[in-house]
Structures are given as structure tokens and as C-alpha cells.
Amino acid sequence: MLLQLKITLKGSRPPIWRRVWIRGSRPLNDLHRLIQCIFNWDDSHLHQFKQGSTTYDMVGIDPDFASGEPVENYRISDLLKKSKDRLEYEYDFGDSWIHSVVLEKKESRILPQEPMVISGRRAGPPEDCGGIYRYAYLVEALADSSHPDHESLQEWVGGDLEPEAFDLELLNQFLARFD
């Protein structure tokens, strides 16, 4: 069964989001890998999922930083069963990138590839830029050449930042190598 999910970076204004198809039978950690790919992050920090008061994390992978249910024991469809079911995904506990993951619908269908991004808006923030509020500051500073931090942040980013960029075709090219 395919799940259509909408994944939104909480606190982003305007919203940064992706709509994807993924098999519900995939391990929950594949959802983590998918989010890393579609937001252009490099998986260099810890992560966890939360649903209600239950946390799903890397107990078997890194017991020093785990406190919840072992993520490796669950499939995506174990947590997202019916339309509007949701969970939270947090990446990088320092920057606290928190995502809302909502099941929009389930379908039996064949896709040219899976997982697949079907729509979205805006570029994912750069890794290690300080969280959603620091990212907003980064965008503001880079948009204004007279801003006192413009040059240093431009150097840190490695050039220009295009916060409105979203390339559906490129994301799906990356996802074609997902497994």
C-alpha cells in the first residue's frame, strides 16, 4: 500500500514542505532517510520520531542517545494507519528541525519509482545553520547586501542561497537511487 504523506518543516514561513509517495511497508527508518534526501541534508545528526507521548529512536543503533521505542522495530504503516494520522520527526537536536508528517491518503497503485516526491515548496535550509529562526535570519541577511552579516554568511553558505528554489525532477533523480 502506498502512502501519500505531506512533510512540513514546522515554523517555516512561508512553509517549506514536500508531498511524497512511499510504501507503508517500508521500515520507519526509511522515512528518516527520505526526509534527509528531500530536504537535502546529510544525516550527520541524531533524529527521532514522536507520536503522542511515544518516542521512536535509535535504541539499537546508538543506545547512549536513545530513550524511546526502537525505530528499527516499526514500519511506517504501524504509525500512519488512516488519513490525517500524523507524527513528528525531529532532526539535529541542536538545531531542532521539527517536521510534521501527515498521512493524506493510501492507495494501491504502481509508480514509475518509489519513493517519489510529487510536489513541494521552497528549498530545504542548509545543514547546521542554527534552526528555523536562524535560517530566517540567514535568508534575510543574504537578501540584503547592506546587512552587516551579509558577506560572512554568504561566505559560510558558499555563495548565494535560493530559498524559493524547488526542483522536483532533481529530487526524484536522487530518490531513484534510494534503496
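Modeller: Two strands pair if DSSP finds at least two bridges between them; strands (E, at least two residues) and helices (H or I, at least four) are DSSP runs numbered from the N terminus. The bridge partner of Phe49 in strand 4 is Tyr56. This is a predicted model, in which local features need pLDDT of at least 70 and side-chain atom pairs count only at pLDDT 80 or more, while totals for chains, interfaces and linings use all residues. Residues are numbered from 1 along each chain as its sequence is written, and side-chain values use heavy atoms, with hydrogens and water left out.

Colleague: What makes strand 4 and strand 5 a pair?

Modeller: Strand 4 (residues 54-57) is joined to strand 5 by 2 bridges, and the two run parallel. That count meets the criterion for pairing. Within strand 5, Glu69 is the residue opposite Tyr56.

Colleague: Which residue in the turn between strand 3 and strand 4 has a positive phi?

Modeller: Gly52, at about 60°; this hairpin has 2 residues between its strands. The hairpin of strand 6 and strand 7 has 5 residues between the strands, and Asp92 in its turn has a positive phi of about 65°.

Colleague: Why is the aromatic pair of Phe39 and Trp41 called stacked?

Modeller: Rings of Phe, Tyr and Trp (its six-membered ring) pair if their centres lie within 6.5 Å; planes under 30 degrees apart count as stacked, over 60 as edge-to-face and the rest as tilted. The search of the whole structure finds 5 aromatic pairs. In that of Phe39 and Trp41, the centres are 5.6 Å apart and the planes 25° apart.

Colleague: What makes the pair of Phe49 and Tyr89 tilted?

Modeller: Their ring centres lie 5.1 Å apart and their planes stand at 50°, so the pair falls in the tilted class. It links distant parts of the chain, with Phe49 in strand 3 (residues 47-51) and Tyr89 in strand 6, 40 residues apart. Phe49 also stands opposite Tyr89 in the sheet.

Colleague: How do you know whether Phe49 is buried or exposed?

Modeller: Buried means under 20% relative accessible area, exposed over 50%, and partly exposed in between (1.4 Å probe, protein chains only). Phe49 has 0%, so it is buried. Tyr89 is likewise buried, at 0%.

Colleague: And why is Ile110 called exposed?

Modeller: Its relative accessible area is 79%, so Ile110 is exposed. Ile110 belongs to the loop between strand 7 and strand 8. Its C-alpha atom is 8.8 Å from that of Leu2, 108 residues away along the chain.

Colleague: What makes helix 1 mostly covered?

Modeller: Of its 11 residues, 9 are buried. Among them are Leu28, Asp30 and His32. His32, in helix 1 (residues 28-38), has a relative accessible area of 2% and is therefore buried. Just after the helix, Asn40 has a positive phi of about 60°.

Colleague: Why does the link between the side chains of His32 and His47 count as a polar contact?

Modeller: A polar contact is a pair of N or O atoms within 3.5 Å; within protein, one must be able to donate a hydrogen and the other to accept it, and residues adjacent in sequence count only if both atoms are side-chain atoms. The contact of His32 and His47 is 3.5 Å, so it lies at the limit and qualifies.

Colleague: What places the charged end of Arg18 over the ring of Phe39?

Modeller: A charge sits over a ring if NZ of Lys or CZ of Arg is within 6 Å of the ring centre and within 35 degrees of the ring normal. The charged end of Arg18 is 4.9 Å from the centre of the Phe39 ring. Lys6 lies over the face of Trp17, 4.6 Å from the ring centre.
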